[in-house]
Amino acid sequence: MHRSLRRSLLIAAICAALVGAFSAAAPSGDAAAPLAAEGERADRILVEKSKRRMTLWREGRLLRAYDIGLGFSPVGDKSMEGDGRTPEGVYRIDRRNAASAYHLSLGLNYPRPDQRRKAARKGRDPGGDIFIHGQPNALPSGLTIPGDWTAGCIAVDNAEMEEIWALVPVGTVVEVRP
């Protein structure tokens with residue numbers, strides 16, 4: 001197995017163990033912070049997996065840009081639960097979770113019905129619970145896990161997640177490109 005893949009799998013396993021051990025930990029920061037004013041909110045998120053970059057847009061104007069971590073096996077589109085890939089395509093933010101095991105989380109409406117059907121034809125579970133989120137709550141304050149370590153989510157540091165949380169309402173379009 002390639003050294004970087006082994007490292008990513010090890011980091012993902014450690015994170016999963018930490019989160020499982022401390023899943024009752026409260027998220028840090030002011031998770032109940034209100035959304036930004038209407039004119040400041042993002043209406044589109046663009047995720048460029050190959051660049052490990054996520055940008056927030058409002059009416060065609062760039063609001064913010066972030067470096068991101070992806071699933072531990074980031075190349076290619078998600079096809080089944082456990083493959084470590086971040087799904088590609090166009091989604092919407094469909095939920096906000098201030099009590100997540102990770103520092104705040106914004107859920108994507110993955111899988112879409114066509115992705116469920118495609119996985120079912122292959123006898124597979126497409127997976128689910130894909131989020132944009134911060135670091136695991138169980139991680140000591142100030143630490144950030146480097147690289148691609150999630151199970152398929154999009155990760156940023158906690159301060160960035162608080163900013164994203166304030167700028168991104170439910171319904172925001174999210175385009176994930178290879």
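The tour goes through aromatic pairs and then a charged patch. Keep in mind that you are looking at a predicted model.

**Stop one: the aromatic pairs.** How many aromatic pairs are there by the rule used here? The count is two.

Select Y91 and Y110 to begin. Their ring centres sit 6.1 Å apart and the planes meet at 70°, so this pair is edge-to-face; the cut-off for that label is over 60 degrees. Colour by secondary structure and you'll find Y91 in strand β4 (residues 89-97), while Y110 is in the loop between β5 (105-108) and α2, so the contact ties together parts 19 residues apart in sequence. Is Y91 buried or exposed? Y91 counts as buried, at 1% relative accessibility, and Y110 counts as buried too, at 5%.

**Stop two: the other pair.** Next, pick Y102 and W149. The ring centres are 6.1 Å apart with planes at 35°, so call this one tilted. Y102 belongs to the loop between β4 and β5, and W149 to the loop between β6 and β7 (154-155), so the pair links parts that are 47 residues apart in sequence.

**Stop three: the charged patch.** Finally, select R117, K118, R121, K122 and R124, and colour by charge. These residues gather in a positive patch on the surface. Zoom in on K122, which is found in the loop between α2 (113-121) and β6 (131-133).

How values were computed:
Residues are numbered from 1 along each chain as its sequence is written. This is a predicted model: local features need pLDDT of at least 70, side-chain atom pairs count only at pLDDT 80 or more; totals for chains, interfaces and linings use all residues. Side-chain values use heavy atoms; hydrogens and water are left out. Patches are made of residues with over 30% relative accessible area and no salt bridge: like charges are joined within 9 Å, nonpolar side chains (Val, Leu, Ile, Met, Phe, Trp, Tyr) within 5 Å. Accessible areas come from the Shrake-Rupley method with a 1.4 Å probe; for residues, only the protein chains shown count as cover. A salt bridge is a side-chain nitrogen of Lys or Arg within 4 Å of a carboxyl oxygen of Asp or Glu. Lys and Arg count as positive and Asp and Glu as negative; His and the chain ends are not counted. The place of a charge is taken as NZ of Lys, CZ of Arg, CG of Asp or CD of Glu. Helices (H or I, at least four residues) and strands (E, at least two) are DSSP runs, numbered from the N terminus. Rings of Phe, Tyr and Trp (its six-membered ring) pair if their centres lie within 6.5 Å; planes under 30 degrees apart count as stacked, over 60 as edge-to-face and the rest as tilted. Buried means under 20% relative accessible area, exposed over 50%, partly exposed in between (1.4 Å probe, protein chains only).
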